[in-house]
Structures are given as structure tokens and as C-alpha cells.
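This report describes the contact between two protein chains and the surroundings of a ligand. The sequence and structure are shown first.

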Amino acid sequence: MAKVRGTIVVDIEKCKGCEICVGACPTSVISMSTEVNAKGYQYAYLNDPDGCTGCTNCAIVCPDGVITVYRAKVK
Amino acid sequence: MEEYKLMKGNEAIAEAAILAGTDGYFGYPITPQSEVMEYLTMEKPEERTGMVVLQAESEVASINMLYGAAGSGKKVMTSSSSPGISLMQEGISYLAGAELPCLIVNVARGGPGLGTIQPGQADYFQATKGGGHGDYHLIVLAPASVQEMADFVSMAYDLAFKYRNPVMILSDGAIGQMMEKVKFKKQQERMKTQPGWATVGKTPDREPNIITSLDLDPARHERFNIKLQKKYEKIQKEEVLFEEIACDDIDYAFVAYGTSARICQKSIELAREEGIKVGLFRPISLWPFPYKEVGKIADRLKGILSVELSAGQMVEDVRLAVNGKIKVEHYGRMGGMIPTPEEIVLALKKQIIGG
Amino acid sequence: MADQILNKELIKPENLVYKKTKILNDNVMHYCPGCGHGTAHRLIAEVIEEMDIQSDVIGIAPVGCSVLMYNYFNIDMQEASHGRAPAVATGVKRLWPDKTVFTYQGDGDLAAIGTAETIHACNRGENITIFFINNGIYGMTGGQMAPTTLEGMKSSTTPYGRNIAMMGNPLKITELVAQLPGTCYVTRQAVHTPSSVRKTKKAIRKALEYQKKNIGTSFIEVVSNCNSGWKMPPVQANEWMEENMFPFFQLGDIKVPEED
Ligand code: SF4
Ligand code: SF4
């Protein structure tokens, strides 16, 4: 059966570490980094390659529009 | 054949506005200039030229409608009288700061506060020295007849677009209300294209156009202010307007604009009957003020009487221009009172000749 | 670990499902982390892109936190003085009736200093769209009481909470403009969750489409957070907003055109 898999690309240097995306992810696969970006913010990242379905929830709630989402059906 | 019409000054400015190809008028009723919008709505300019006329909820709204419309590159105007113009000052400062061309007509009345609905010239400081906040100037034109009320409209637009600067016609209740014959120019077409800076929708061939007076970077904002000041210097060099009436072979001069200038013309006649050689210097552009020209005429005079319907405002500029060379005094009436030609002659004798 | 992009093989143009709209440029917005302004900006920009109206749209920025919003949009914009955006928009729209004109205003701008301009533009039925971001506080000046500050809510000028007897009532200006015959579409939305974002975007689309039909003013309130002003982290602020703001400022359509 075909399975939908997704991934996100966070523009790390533009992420402000607000964590809004974390709670928006239905599969809870976004975490905040322990290290910080140049602005001093911890940034969001995908923590599980299998969990993301590419639903775009995180991207559409991100106030800074720093998340790009890809999705594909995989066999 | 030349066709003259008999009209009030306020009506003449309204008719001239339609003929000058004005795109939009935004205003709010206030005495003594309500005839401007009344005439406009009666004339159905939307049918004559497509001009938009809108009665706003306040002078604050009208000046900001003007800002929006001017920012989109249209030829637009408002009119009001002293208290209303005070209310507009914030918007006028923004218009100057965003460098938007537009026409603001002040048919002035006496103040301060609600003051009176009778004519006054006590808005000179407000009109020429800034009025609102920040370092800026309006170009200020002072008509002295119904004909000039009409003529200055298209002149004001030309200056406004030439310099990207708001222009004010500073008239008063007497000229706004009085009837005189006036001859109009031909109907001008409304502008077909807008200047490149106007916000009309961003096309792929250019960056977004932004109309703003804000810049939070002090160095950049100072550079902008310096640029503004350079523009004002150029205007001061090139756009001074004035008239000398009966100024050959004189010992004294009245300096007066608008209604006061009209009365002074009669005073000249009366004074001459008594053998006093006096003429009239009439600034037409109050800003830029004709400093050089007043200074020059002072070289051949014994004294100047500045006549205004105020406690003495323009007289400060006359004194600056004369720079102490000769005696300069002010004579004026306030509260809506208008001096007679006789009392002006008396003032000349008392304050300048005998004083 | 966190720097690693997972599922790299999926990153191909044909798999792209979400990317920031071209109607926003790459400037980093000055808003605080988690602030709803960024999301609201993006949704408006996305709708402009989807409706393909970039060359026909003129936006009017307010005074307040979003005073510099024109730094982020790839559209022509004007910066209005405090509260006057609806008058500025009126001036533009009256002379360019075929263009799409919108204002974007905060609660202080729209519902305090600009009340007259708001009410009268709506009452005249100007064919403009008003976006009203309500976070119950003056954000830019440091969190003072706004017309929409809730009863008992603390701000820097209501340090002991808004006392109605002393400071008056919070203003539901959106319900007020819905009463006016000039408005065609009045709705209150939010942008803090995926579903609220989707609803708000639909509302924005509707509002701009109604504008094209010349049937009056469309008005969208977005109840939003002000993390700095409320002195809470973003996620907690959104929870506080749900618990405290939404019961008073109820989400949903308040007025829709008759044809719908
Ligand atoms: S696209 Fe959906 S599933 Fe993937 S990280 Fe974002 S919210 Fe989670
Ligand atoms: S919502 Fe956006 S800015 Fe906030 S943490 Fe997630 S990616 Fe970063």
C-alpha cells in the first residue's frame, strides 16, 4: 500500500523558536534544538523521519513562514 | 469674445478645480468656505470630467483621503477654513513628509479657537512656518481677487507636481465670499498617467512603491531631511511671486497680501491726495517669501507699514527682509474686523511718518 | 542532529506542498517570536498570490506594531497616520475603483484613535477590506491598555487590571460595524492553530472577492496574541487567548452577504 511521507525544511536562521509549530504537528515530530541560531533562538527541527506526513500544519501556523514542506507517496 | 462670469471667490476656486482636471476633492463643511463643496456637488463634476467629490466625516478624514489619493498619483484637493485647517495639520505634515503633491485651500477666518466666521489673516504663521510637526514647508499662494482664486488652482497643481510638495492657497473669508467677475481657462484634461512613484499596483517591471514618511534609521532619515531642505532652497530661489503696485518714486510702502492688499490700494490713493508717496508691495507667494525683493525695495524707502488682519505675523518676515535698514511697523485688525483705507493711512502717518 | 534534514530524497520540486509566498519578500519580520502578525501577513499575501492581483492591490499600513509591514510585502503600500487608514484607503479606492484596496490595523489604531474613520468608511460602504488585528493591547508602545483590553486584564497602564468603572468597557467594534448597512461581510477569526489559519485564509479570500463585487466594506477581525505585552511565552499566550479572549471576542461570521 502506498504510504504518504513528508519532510520539512526549516530556515534555521529565520526561525524565532516560538514553538507554535511544535503543538500544531499532529504526529508530534517537531522538536526544538538545544543549540541556538545566530540570533540566539533555539530552532525547530523534524525529529523522526517516519512521522512526518507532509500535512503542512506546521508551515501554515509558523508566524515567520520559515517552514517548507515536501510530500510524496512512497511504496 | 472674452467671457466673464460673476462669481464668489469660493465658487471660482471650485469651478477652476473642475477645469484644472482635478481628479478628486475631499472636504468637510466649514464657514466661510462651504460654497466650494456646494458648488462642486451642484456642478456634477463626475459627469463633466469624472472628478470625484466626497464629503468626509471630518477634516481629519478629508486630509487623509487626500493623502491616499495623492499617494496614488492623482490630482487632488481639499478646502477648509482656519479651525478645520488646524485639525488637518497632522495630515499636512505627513503629506509633506511623504512628498505628495496636492492642493489645500484655506479660506481663513479670525481666531484663535473657534474665533469668528469673519475674515482673518492670522493663519500666516501656521501656513508658512510649518503648522504641523517637523521641518517642512508648504508652498503658499495668496490670491487677492476672485480671478486669482481661479488662476492659482492650476498654478498650484503645477508647483505641487513639479516639486512633489503640498501647495496651499491661503485666502480669507472676504475674498471667498465676495463676488467679482472672473474669466476661466479652458477645460484641462485629467491626467492619463501617474508619476512613477505612485502606488497604483506593483507591476513585475518594478519594485513596490511605498508612500511613507517614516524612517527609523537616523542617518538615512537625516539624509532625507537634507534632501527636503535642498528642495525648499530650490523653491525659494525659483518660485518667489510678488507684485509692486505704484512703487515708482515712493518714500513709503505698504506690504500686504490678500484682502489687506486690496484695502491698501485704496489707502494709496487717499495718501497720495495728501501728498504722501506710498506704494504697495504685495507678496503673492507667502512661502517662499520675497525676502530679497522686500530688502531691495527697502533700500529706496523711509519706512514700511505691514498691514494684516492679525496681531502682526507677516511683519516678522518683512523685518527679516529689511534687516533693520528702515523702520517697519505693523498695523492690523483682529476678530474679523477689517480696517478702512482711512485708518491705514492714519496708521502710516502715526507709526511710520511721524513716529 | 537538529541541523540534519531528514528524508532528503523527498526534497524535489514535484513534491513541494508548501513554500512561503512570493508576495512576501525575504526580510526577517521584526515581530516578536510567535506573534500572530506574521501569520496574518502571510495569509493576506498568499491570497493575493492565489487571486493573482499583485498588480492591482494597494495596501494601507497603520501605526502600531505593523507600521513597517510594507517592508515585507511585494506590493504597493502607503503608510497612514495613526487611525486614519480607512480614510487613506477611501481616497485611493474612490479614485481607483477597480483596484483592490485594504487596510491592516491594530486595535488601538482602528478602535481607539481611528474609530471615526473606521465607522464612517464602513457606513459609507467603501469597497475596501479592513483587516483588524486585535490583541487587546498597545504592543508597539509597550503594552498599554487598548480599547479591547478585557476586564481585569493587566497592561502597563492597568497594572492592577482593567477596572470598568474607572477605565470603561472593552469595545466590540466588530459587532458595531456589523450593524452598519455599508458592511457586507464581517467576521472574527484567529491564526493560532492550523484549523483557525485555514478558516482565516478562506475569510480573507471571501473578503477580497466581495470587494471585487462592489457590495460594501468587508471587515475581518483576527483575535491574536501579544506575547511580549501579555508577558507570556507564545504557546502559553495562545492558550490564554483561547481561555480569556475567545469567550468575549467570539469567533465566527457576524455578517455575511445575503446571496451567500
Ligand atoms: S508537515 Fe505536518 S506532520 Fe510534518 S512536521 Fe509539519 S505538522 Fe508535522
Ligand atoms: S513556528 Fe516557525 S518560528 Fe516558530 S519555532 Fe516553529 S519554525 Fe520556528
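## Extent of the interface

In this predicted model, 33 residues of chain C and 35 residues of chain B take part in the contact between the two chains. The area buried between chain C and chain B amounts to about 2700 Å², with carbon and sulfur atoms giving 61% of it. Three residues, C:D76, C:L95 and C:W96, supply 24% of the area that chain C buries against chain B, more than any other three residues.

## Polar contacts and salt bridges

Between chain C and chain B there are 15 residue pairs in polar contact, counting pairs with both residues at pLDDT 80 or more. On the side of chain C that touches chain B, 15 residues are nonpolar, nine are polar and nine are charged.

Two salt bridges are counted between chain C and chain B. B:E57 forms a salt bridge with C:R124, and their closest N and O atoms are 2.8 Å apart.

## Secondary structure at the interface

The elements of chain C that give two or more residues to the side touching chain B are β2 (57–61), β3 (76–79), α2 (85–95) and α4 (115–124). The largest share, seven residues, comes from α2(C).

Strand β9 (residues 210–211) of chain B runs parallel to β3(C), and two bridges join these strands. Within this pairing, B:I211 stands opposite C:Q78 of β3(C).

## Surroundings of ligand 1

Ligand 1 is surrounded by 15 residues, of which A:C25, A:C52, A:C55, A:T56 and A:C58 are the closest. The shell around ligand 1 comprises ten nonpolar and five polar residues, with no charged residues.

Conventions
Residues numbered from 1 in each chain as written. Chains lettered and ligands numbered in written order. Predicted model: local features only at pLDDT ≥ 70, side-chain atom pairs only at ≥ 80, totals over all residues. Heavy atoms only, no water. Near = heavy atom within 4 Å. Nonpolar A, V, L, I, M, F, W, Y, C, P; charged D, E, K, R; others polar. Contact = heavy atoms within 4.5 Å. Buried area = accessible area lost by both parts, 1.4 Å probe. Salt bridge = Lys/Arg side-chain N within 4 Å of Asp/Glu carboxyl O. Polar contact = N/O pair within 3.5 Å; in protein donor to acceptor, adjacent residues only side chain to side chain. Helix = DSSP H or I, 4+ residues; strand = E, 2+ residues; numbered from the N terminus. Pairing = 2+ DSSP bridges.
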